[in-house]
Amino acid sequence: MAENIINRLETTIQVRKRDGPFDSYTARLFEEGVARIAQKVGEEGVEVAIASLVEDDLHLVSETADLVYHVLVLLAARDLSWQHVERQLASRFR
């Protein structure tokens, strides 16, 4: 299921990057550039860390979903995909 969700989310992100709607949050992130997207990844990473210490599990999962989304947007902005991450992880098992 997770792989399917990641694929669906990546497809949606690519459509927003290419076709808009350009008033969408995702399209706006692309317009603001890699530095802004990277900033959002950093912010979300901090929110995950804080949630892991002081929030319930549901909040931690929600913040983690936000982080994954922003990481996928950052990868797309650099013309990379989750598949690149999977290949890197797989190579570490060798």
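A salt bridge is defined here as a side-chain nitrogen of Lys or Arg within 4 Å of a carboxyl oxygen of Asp or Glu. By this criterion, the side chains of Arg 36 and Glu 43 form a salt bridge, with an N to O distance of 3.8 Å. The structure is a predicted model, in which local features need pLDDT of at least 70 and side-chain atom pairs count only at pLDDT 80 or more, while totals for chains, interfaces and linings use all residues. Residues are numbered from 1 along each chain as its sequence is written, and side-chain values use heavy atoms, with hydrogens and water left out.

In the whole structure, six salt bridges are found. Glu 43 also pairs with Lys 40, at 3.3 Å from N to O. These two residues both belong to helix 3 and are three residues apart, about one turn of the helix. Helices are DSSP runs (H or I, at least four residues) numbered from the N terminus. Through shared partners, salt bridges join Glu 32, Arg 36, Lys 40, Glu 43 and Glu 44 into one network. Accessibility is classed as buried (under 20% relative accessible area), exposed (over 50%) or partly exposed (in between), using a 1.4 Å probe and protein chains only. Arg 36 is partly exposed at 28%, as is Glu 43 at 30%, whereas Lys 40 is buried at 13%. Another salt bridge links Asp 19 and Arg 18 (3.1 Å, N to O); Asp 19 is partly exposed, at 43% relative accessibility, and Arg 18 is exposed, at 55%.

Two packed helices are described by the angle between their axes and the distance between the axes. Axes are lines fitted to C-alpha atoms, for helices over the stretch in contact, and angles run from 0 to 180 degrees between N-to-C directions. Helix 3 (residues 34-54) packs on helix 4 (residues 57-77) at about 160 degrees, with the axes 9 Å apart. Helix 3 is therefore roughly antiparallel to helix 4, where angles under 35 degrees count as roughly parallel, over 145 as roughly antiparallel, 65 to 115 as roughly perpendicular and the rest as oblique. Residues making this contact (heavy atoms within 4.5 Å) include Val 41, Glu 44 and Val 48 of helix 3 and Glu 63, Leu 67 and His 70 of helix 4. The contact residues comprise twelve nonpolar, five polar and five charged; Ala, Val, Leu, Ile, Met, Phe, Trp, Tyr, Cys and Pro count as nonpolar, Asp, Glu, Lys and Arg as charged, and the others, Gly among them, as polar.

Glu 44, located in helix 3, is buried at 6% relative accessibility. Apart from neighbours within four places in sequence, Glu 44 contacts Glu 63, Asp 66, Leu 67 and His 70.

The axes of helix 2 (residues 25-32) and helix 4 come within 11 Å and cross at roughly 50 degrees, which makes helix 2 oblique to helix 4. Tyr 25, Thr 26, Leu 29 and Phe 30 of helix 2 meet Tyr 69, His 70, Val 73, Ala 76 and Ala 77 of helix 4. Seven of these residues are nonpolar, two are polar and none is charged.

Most residues other than glycine have a negative phi, and most peptide bonds are trans. The Gly 20 to Pro 21 bond is cis, with omega near 15 degrees, and Pro 21 lies in the loop between helix 1 (2-19) and helix 2. Asp 79, although not a glycine, has a positive phi of about 60 degrees. This residue, Asp 79, lies in the loop between helix 4 and helix 5 (82-91) and is exposed at 61% relative accessibility.
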